Amino acid sequence: MKPTNIKDPEYFHKVVDCQYACPAHTPVPEYIRLIAAQKYTEAFMINWESNVFPGVLGRTCDRPCEPACRRGRVEEEPVAICRLKRVAADNKGEVKHLMPQAPFPSNGKKVALIGGGPASLTAARDLAPLGYELHLYDEWGKGGGMMRTQIPAFRLPEAVLDEEVNFVLDMGIHTHFNTFVDSMKEILDKDYDAVFVGTGAPKGRSLEIEGYEEAKDNIHIGIEFLASVAFEHKESVGKKVIVLGGGNTAMDCCRTSKRLGGKEVTVVVRSPRQDMKASPWEIEDAEREDIIIHNNMPPKRFVVENGKLKGVIFGKVRAEYDENGKRKLIPTGEPDMMIEADDVIVAIGQDNAFPWIEKDIGIEFGKWNVPVLDKVTFQSTLDKVFFGGDAAFGPENVITAVAHGHQAAVSIDLFCSGKSVNERLAPMTNLISQKMGIHEWTYDNHIESDLRYLVPHEDKNISLKDRKVEVELGFDLGIGFKEAQRCLNCDVQTVFTEDLCIECDACVDVCPTDCITFTNNGEEQDLRSRLNAPAENMTQDLYVSDTLLTTRVMIKDEDVCLHCGLCSERCPTEAWDMVKYLYNTTKTYTKNGKGDCC
Amino acid sequence: MSYLKPKFHHPSLKPNKVGFIKSDYEGVISTLCAGCGHDSISGAIIQACYETSIEPHKLAKLSGIGCSSKTPTYFLSNSHGFNSVHGRMPSITTGANMANKDLIYLGVSGDGDTAAIGMGQFVHAIRRNLNMVYIVMNNGCYGLTKGQDSATADFGSISKAGSSNPYPGIDLCGLALELNATFVGRSFSGDKTQLVPMIKAAMAHPGFAFLDVISPCVTFNNNKGSTRSYSHVRAHIEETSLFDFVPHQDEITVDYDEGTVTKLELFDGSSIHLSKLAPEWDPTDRFSAVNRLHAAKSKGNVLTGLYYIDVESEDLHVKINTVDKPLNKLTQEELCPGQSQLDVINDSFR
């Protein structure tokens, strides 16, 4: 194999599994260390700069970082990254003065942001300090988008959301609330230099099977149901509620129903449990509230009696997968099952909807009614219009919308400055040795053997009575500290310098997880089979040195490296060093506006 | 400074035949200088014991005084151990071995502990063919007292302070061959591919198995002009042969080319495979081993690998005809069979 090019910013980035997996690439280990040091404000600000909504995400994030966490590979459970983010948000001090202070000197450009959700707010936050005049349009009376309309208050208290939305809006954003934009042409006619579309995926799918017409007064679309509850248009449901669908929206709908008077709340999913799209912890939370989940039961028809919904009839199926993993639901032949219901909530997916974009103004749409976009720049076929969030490539999640918002803001800034949107700056990276003495490091390199801590929950008898009582209580400072100590500091990289190595093997002998091997070079597949511990995880790179004096090479399998620094401590020549790697994605906004973050 | 090694191990490393993972054979974290060759030898011992599935309680590690003799703390923490007086490890091992011949005895010593203060003990353990592995971690200097030349330092080797050694060094392998040791080899701490199978073979050998392991002292003897530095040893290494050890319970999976491989069957059914043999050398011919050693030395080279093995070795217990049962397991009745037996013995002298 060729020597690893550690100057490629993506090499070490990939080693920081959590950060790499995060769509917004939040520097996770960096803020976790700050939490352990009780610097909650600083930890919050690192998050805020990267993901704009630390308090929201600390409660509701989809957590792509957690399955990626290295801790999950050396032990069973990953670090509770999401909960730690909340520890930072809940315990932060005064932060407003650390943010860019409006008013900003104008640069003379105007940008319209359609939709007030996470993507638009992120773009707004990134563009405002540069002097853009920003006009944000939303059909609702408050900003936040789906974070407000689709995430129930028992998972995300309104005060938390308001605070973080207002951090952005207070930067001098011109808000046009209660304004439903029904024509793109009108917006374009208003002379904006650029337009950002972050309107989400606002159209919930309905289920018009037999009996729908007669029963439709008691059949609700999931996201519409959640929105009307959030804005207090709907305050009760029937005693018997069926929720159709197996995603997170379904989980939110069933738990909300339980709080609005539903006594027998049942979730019915047509697919098997392992195929449910809901996050495992959301399924757990629903079941903890005595919600029954039936799997393998597709709905067949609504049963109506005397012009009123009586229940739903379900068939029974089993799933079969062909060699490509494609699923088929095969009827089992068991008799159909009727479940009684006063109300049915349909949460089987949501789609993009752009009826308000005229077909002849130059914005092309592709399959599934999503706009044709450049995947990096988010620019549409009409050069001044950019998309982000669920509106761009279909429904995803908050953190993905934030990532889109950052990148669209970069494009908008380049576009408005007359530059090519493809000439984007490289990410800001920095390597800093953590050595303080022969065996002293600036980070806590001792590896805790602790298992993942559980987050405490509010008493069910209290939380089920009031939909605004938050269920998860978050870690207290003590548990937060202990959980933070489980982080392996994967951003503190093991950097190897060939010229200094005397091949004494000290690092090989001390490495607790047998990551390091000195051997003759070869092809990757061959090398992976003859290391001290076989390197079977192909998603993790091998770090290969240049040829050493003995003609061998040093090979380190990044897979289960604990970043404990023992290789470096036992190295007599400092050929190994522990070097903190900071990686910040390109953003237009930075604290001092000079492309230098943190 | 880390005092504890993390408990996690590589998830794909499986337990050996007796159910232990490699870290079960480790000791506490080393306090020797970073980069010390001795740590690599400890690593090789751990590897060898893990791979041959030795039950930790069936092994005793013994040592004297010195950097080398500290190392038993850093490996096999679940085994028996005795840290003796300077140079007296062979006597303690003899005593222990006499009392319980069922254990594997692993003696660890240094060049001072063996070639200076302990020389008298060392030579007699060889002469008696005591069943033990005797590893010398040989760095050519007294690292624990700031690096003075030791008795094994080569003539003319330059110390860190810049002086040239005026005395000829004692070649411990040469001495062991002269004293009829039944297993003699030399290795290098930086060559685990060779060292690990050699330790395994030494543990399988019934009798005195002597391994002189060149182990650079990074702090006091890794300078230019030293003949024990990592770079000097690497530049002057010469192997008797490629060495492999196959335990008796293992099936031989590697295809050896019959023409170039010499196979030596050991007492317990395991075997040593030697390939690419040096010319005019036969591992079972002591005389040819002595010649090979001198030929290499005359070129200024360090000869590593197996030098000599007596495949018909009989250890001290055979020589003095002890009972099969370890002495420490003999009961009062077996040891003291009573007046009637004493009378029989006494009568035989009348």
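Let me start with one helix. Buried here means 20 or more other C-beta atoms within 10 Å of the residue's own, with exposed at 12 or fewer, partly exposed in between, and C-beta atoms placed from the backbone. Contact means that two such C-beta atoms lie within 7 Å. Helices (H or I, at least four residues) and strands (E, at least two) are DSSP runs numbered from the N terminus.

Before going on: this is a predicted model, in which local features need pLDDT of at least 70 and side-chain atom pairs count only at pLDDT 80 or more, while totals for chains, interfaces and linings use all residues. Residues are numbered from 1 along each chain as its sequence is written, and chains are lettered from A and ligands numbered from 1 in the order in which they are written.

Back to α15(A), residues 248–259. From first C-alpha to last, the helix reaches 17 Å, close to the 16 Å expected at 1.5 Å a residue, the expectation being 1.5 Å times one less than the number of residues.

Next, the cores. A nonpolar core is a set of buried Ala, Val, Leu, Ile, Met, Phe, Trp, Tyr and Cys residues joined through C-beta atoms within 7 Å. The largest has 207 residues, and A:Ile35, A:Phe196 and A:Ile412 have the most contacts inside it. Helix α18 of chain A (residues 398–416) gives this core its largest share, 11 residues. Leaving aside residues up to four places away in sequence, A:Phe196 touches several residues, including A:Val111, A:Phe386, A:Ala408 and A:Ile412. A second, separate core of 37 residues includes A:Ile242, A:Leu244, A:Ala347 and A:Ile348.

Now the contact between the chains. Chain A puts in 31 residues and chain B 25. On the chain B side, α1 (37–51) and α8 (230–235) each supply at least two residues, and α1(B) gives the largest share, five.

Last, chain B as a whole. Its secondary structure comes to 12 helices and 13 strands. Of its 350 residues, 49% are buried. The C-alpha trace spans about 75 × 50 × 50 Å along its principal axes. Among contacts between residues at least 6 apart in sequence, 71% join residues at least 24 apart.
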